[in-house]
Amino acid sequence: MEGQLCANLEISVEKPPGATPLSFIALLKVHRELLVNRIRNTQCLIDNLIKNDYFSTEDAEIVVQFPTQADKVRKILDLVQSKGEEVSEYFIYILQKVTDAYYELQPWLDEIGYKPSENICSKPVVNTDPVSRYCQKLRYELGRDSKFVMSYAQREEMLLEEIYSNSIMELVNFANESLGKVCQLEALFDDEVGLINEDGETIYVFGDAGIGKSILLQKIQSIWARKELDIGAKFFFRFRCRMFSCFKEDEAICLKDLLFKYNCYPDQDPTEVFHHILQFPHTVLFTFDGFDEIYSNFDLSSVPDMCSPHEPSHPLVLLVSLLRGKLLKGSRKILTARTGTEIQRNIIRKKVLLRGFSSNNLKEYTAMFFKDEGQRTLVLNQLEANPNLCSLCSVPLFCWIIFKCYEHFHSMFDTHELPDCSVTLTDVFLLMIEVHLNRSLKTSLLKKNTRSQAEMFKSRKETLLAFGKMAYKGMENSFFIFEQEEVSSANISEGDLQLGFLRTVKGYSDTNNQSTCEFLHLTLQSFFTALFLVIEEKVSARELLQFFNKCSSTEIAQPTCFRIPWLKKQLAGEDPFRNNEHFHFTNLFLCGLLSVSKQKLFRHLVLPAVIKRKRKTLITYLGESMKSHLKGLTRSRLPNYNQVQVQPNFVWMLRCLYETQNEKAGKLAAKHMHANYVKLTYCNAYSADCSAISFVVHHFQKRLALDLDNNNINDYGVKQLLPCFSKLAVIRLSVNQVTDNGVRILYEELSKYKIVTFLGLYNNQITDVGAKYVAKLIEECSSLEYVKIGANKITSEGGKCLAQAIQKSKTMFEIGMWGNQIGDEGAKAFAEALRNHPRLTNVSLAFNGITTEGGKSIAEAMQHNDSVRIFWLTKNELDDEAAMSFAEMLKVNKKLVHLWLIQNRITAKGVKYLSEALKENTAIKEVCLNGNLISQEEAKAFENEERIICF
């Protein structure tokens, strides 16, 4: 690695041909000026020379008297040479061993071919270089800080290695289309995969609240500290972005202070360490966590870009300049933010979407959390029986909360059954609050606490109000860090702090030495804000609904909003930085807390008349805003369908409706859709949202098309859609992490009603097992006309099953198999299915590993087919022999209109066969041969046949 640091240094060592090797004294004399110019640290040399009795204390004192570094080096060289060969060699040995300090001399050492003698190898060398010492200190402190994860009960810490579990990380392009999964953390830094902008320097990691962004950075920090992250990073500086909101408008610091003061300060020579960082920025790794959590009244638009690493400036200016590459250009950065925080492309190198736990991830995490196999089995069984809980568990934060509740109730009641069968996110957070309040009670060893949730909340009303008041004040101003005086003014006692809802954080401002605190997660602050709105009787209707208004896309931002010019441009006057997810969660919890099912809980906390008034205000508002929202949606007319295209905000509306559990509101939403084709693509919906979707969709009276392509539904979400399947004629679930288990559920449900016409499962995790379920559905469901199951993991076995089912079907119109691996055996089975099929019109077997043998079978079968109009065989391994078979087919088949043979192995010889065949076929419109083994010169021979497309 150090060799890379100085690859650009030009050091020339001339040796006359045939010359005998120079003595070590002579080497030091010949290369004296090079050594004087390159040695920047003399202390390490002096320390080791003294330690091995080569230098006396007097020698060291003589060296130190010289004023400049160059003069000190010259004196050391004089003394070393005067003491003989052994000392001269040991001097060179120090340069070789302490690479961090003498990185600029490594090419010179290679040039002279220095190999230490046995005697010198026995001499110890201690690295007292400040850069090396700082790197060691940095690794130690970051390793210590990342070893534990603070739990919601602040008194307990968990080992990161015992709690961290892999989740789905997906590399995406600027349109958020998948570029593949991240299986190893090192792949985040590998430019071979997922690179979308080579000029950008920032890896942008995004995902929903609680999806695991912060713990991912902690994991990266941990493996870097253990030297297990081999990406050439010597320095690691981590920042929580909300700290930048703590700096006052007139504060200014230099880059050196930002790095050292708020991370780890060098024990020796900070100036030398900082100089090293400036000289080798590519050895620096930054992490910036929670970019969407910066809220400041500092106006960046009035400040020029910061290019000087020494000039003091506001910390926000330094942050932006680092991300833009104006400071420490070439350093690596990882930036996290919640979904919806769009950043301009020029700073992004890669985009990584966190999708949460897959079903396998959840099982792994359950095994880590519950060490006892019996407990683990009980939990998994209950999750399997409760798809609502299972769906919530796909979000790591919510999964952890649910598991802690399981753990608590097992210790309290010897059971893993959660009370009242919690199904909404509000239920889960109420349980979490109950668990922590329960833990604060003192009970005898023999008597267990049996207080109900309502009794517990009633007894701690003032505590809940205190936390709620502070959360509310912070939420109003988008503040997430609280000073000690704010905690005191909210009447939060020392005992309340022990409940673990808040945690202390390091103070960031020079002017404030008091500790500050924050809620343990942003969603917890949202929950307490909603709780305050419910139990504080003086809250007006305007105050109750204020966070709905803040989520409005047309809202005008405050004039003090922090402007960052490189962020994606928004509507004029709107804060380009704002992410509203914390407001959305507040509204969601408000809907849940004011639901009828929570009436029993709150009747002892607030007057029933007040709750009734607030509930009426909320439901009325939801009804009116829903009507207004639905009117503004994009609509289009399709054959047999009126389509409505919804936006991600619509998902939040559904979530709020679901939390209310108000069937009347759900029915009203279905009524005002005025559509029978709901397009919910790219809405960032995850599995638990399917409960909310079902809550509305099951109210539709007629058959419905539901398009959920490109979300994060997975198998749990499929299970949540059970109430909808009796209405669904079209179901699209492409790019959704669906596995064979989800396909099994689809088969079991769709085969009951036999009304489905279109099944979209492209780009999921389906194997031959799932393909067999789809095949059974094709056989049993005569209404099914379209099946899209490409880009899965289907081999010849699954391909055969699908082909045999299609052969039996008289109604199948289109089959999409692009990107599987059915090979020649599967191709032969499809050939039999095509032979004399009465209706199959569009067929894609592209990118399936089909060679000449399979191609010839398909071509021969197509001589006996009158139904297929479009056939895609792109990206296979078809050669001239296969092309000849297709040419023979074209002489017979006068119904095929489009034949795509793009990116195969066909040469000009095969093209000639096809061109000749077209003389006998006037029906076909195109034979596409782009990307085959044909040169532009060879293609000129077929220019007269316009239907042959080579380029």
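Visitor: What makes the charged end of R139 count as sitting over the ring of W224?

Guide: That charged end is 4.1 Å from the ring centre, and the rule asks for NZ of Lys or CZ of Arg within 6 Å of the ring centre and within 35 degrees of the ring normal. K875 is placed over the ring of F847 likewise, 5.0 Å from its centre. A word on the source: this is a predicted model, where local features need pLDDT of at least 70, side-chain atom pairs count only at pLDDT 80 or more, and totals for chains, interfaces and linings use all residues. Residues are numbered from 1 along each chain as its sequence is written, and side-chain values use heavy atoms, leaving out hydrogens and water.

Visitor: How many aromatic pairs does a search of the whole structure find?

Guide: The search gives 45, counting rings of Phe, Tyr and Trp (its six-membered ring) with centres within 6.5 Å; planes under 30 degrees apart are stacked, over 60 edge-to-face, the rest tilted.

Visitor: Why is the pair F239 and F288 called stacked?

Guide: Their centres are 5.7 Å apart and their planes at 10°, so the pair is stacked.

Visitor: Why does F403 count as buried?

Guide: Buried means under 20% relative accessible area, exposed over 50%, partly exposed in between (1.4 Å probe, protein chains only). F403 has 0% relative accessibility, so it counts as buried. F369, at 11%, is buried too.
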